[in-house]
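Please have a look at the chain first, and then I will go through it.

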Amino acid sequence: MDRPSLDNNPNDQIAALLVVGFHHAYGPIVEFCHPPLPQQQQDGQQTRLEKLDLPEEWNFLPFLALPDGAHQKDEDFAYFHLPPVPEWPVAQSTLFGISCNRQIAAKDLHVKTPDITRSIVQKAIVVLARQPIFGPLQQKLAVITAAWFNQKDFTKLDMLYNLYNNLTVTFRGPVDDATLYMGTSLRELFHRFKSKTLTLLKLLLLEKKILFYGYPVEQLCTFEYSLISLIPGLLRSLHDAGSPQLDTDLDSIRQIEPKELQNGNKASLLQYMGLPLRLFEKGSFFQPYLPLQQIDMLSSGTRSYVVGTTNQIFFHHKSDISIDVLVNIESGTLEIYDPKLASLVSLTMADRRWMESMVKVVLDTWDANDPARPLQNTYLGSDDYLRARFEEYILALLSSTKHAQDTHVVSNFYGTEMPADSSSDVILDDDKERNYVVDYGMKWWLAWRDTTNFRLWNQYTDHEIYEIVEPGHPGMGNISISDIQNTLSK
């Protein structure tokens, strides 16, 4: 599928730099923005921190940058998304924000302005980018935020302007995959959730309402982005993630023909296979950190979401926001509230066999002192290894789906809905064609068939992709005694 570029100007990845502070009377407020916000009436540079009026679309921004419980850590990071602001060139598409928040005792400041009345001063420096380049931004943001606090004088703003200028020069031009993936950690995701990582992916593809919960905020956001990154190309296609109301022009999507495939070009192959899947279109929402002030966005008109919170108050609104799944990042558990949904996403024997082999690799190469890298820094067990395996899984799923359509091995595919207990009747294997999708779970596959991302993929993807990528399941094969024992132990 072709889709519009996320960049309005491909040469400028950095949109803006802001400061958010906690005010004794107003709570969290934006105190600095460069380039200036549309409401700012000034000719030159901002020379002091002050309460700034925000565009209506961004009225919740201060609560994103200074999360609940920010005072519990010396330093924490939050990732979040902001919707476009009409008529402001800086924000013509979804922007990707990262904040670094710190605190300092007021008595330690060399210069104490009249607005400082509390014993602790909390502030966050925020960078807004046009792509989710959180990993490399975090490294620079951590250094500068610490240095700005170490000055013990928040009237000095030169360091903020220097950071903005440095970032705009550093992050100019196209962004490669390695840069996008720097903000993720598949090894840590696997280590925490083990085989449930695949369950999370299946829930994601079903466009369910998924709430991540836990602390610290940085880990919360990293786990969510790590999950999202398992869909090849999706990190580049979050145009509509900033709000459930956003809707990319579908006229820009087109089917890639076989003759357009380029030998040895992986991006060309992924496009031909219909990737990335469109998981966050109109009616869907992705907010790595969601403050209580945004909770209304989860109810009215939002059919699916992936959001993260540190606030247990969300649990009391479970029915209002229709949570399907609660993902606890601290315990590594999934709480699926509907038993039917739990059954739908339960892993097949092929799924379990495939996941168990990868989980074993991660555990065998785990280094508690350096969770992001395998022991001996080998490829086996690395993030690149895990990502490649999931890419293999998704490509095989897509290929198997088109194969099933073309060979009519799934009964009533284009007809009426099948009974819930009919999964055993849909395998019409006559020794000529095999129904490969059964290894992914027929009931799950039939539910996926009813999602928006499936319909768009099916409509704009060539029907013979299985001639390029072999159909099947990467965990498929002869069933062993150990497979049966593992199944019985579940």
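Before I start on the strands, let me say that strands here are DSSP runs of E with at least two residues, numbered from the N terminus, and that what you see is a predicted model.

With that in place, let me take the second largest cavity, which has a volume of about 50 Å³ and is lined by L203, L204, E207, K208, L279, F280, S304, Y305 and V306.

The largest cavity holds about 130 Å³ of space, and its lining includes F22, H23, H24, E31, D115 and R118. Here β5 gives the largest share, 4 residues, and the lining as a whole divides into 4 nonpolar, 4 polar and 4 charged residues.

Now to the packing. The largest nonpolar core has 134 residues, of which W58, L128, F280 and W448 touch the most other members, and helix α12 (residues 383–407) gives the most to this core, with 10 residues. Which residues does W448 touch, leaving aside those up to four places away in sequence? They are L205, L206, L277, L397, L398, T401, N453 and F454. There is also a second, separate core of 13 residues, and Y213, M297, Y305 and V307 are among them.

How values were computed: Residues numbered from 1 in each chain as written. Predicted model: local features only at pLDDT ≥ 70, side-chain atom pairs only at ≥ 80, totals over all residues. Heavy atoms only, no water. Core = buried A, V, L, I, M, F, W, Y, C linked by side-chain atoms within 4.5 Å. Buried < 20%, exposed > 50% of the residue type's maximum accessible area, 1.4 Å probe, protein only. Contact = heavy atoms within 4.5 Å. 1 Å grid on protein atoms, 1.4 Å probe; cavity = no way out; pocket = protein on both sides within 12 Å on 5 of 7 lines; lining within 4 Å. Points joined across faces, edges and corners; volume = space filled by probe spheres on them. Nonpolar A, V, L, I, M, F, W, Y, C, P; charged D, E, K, R; others polar.
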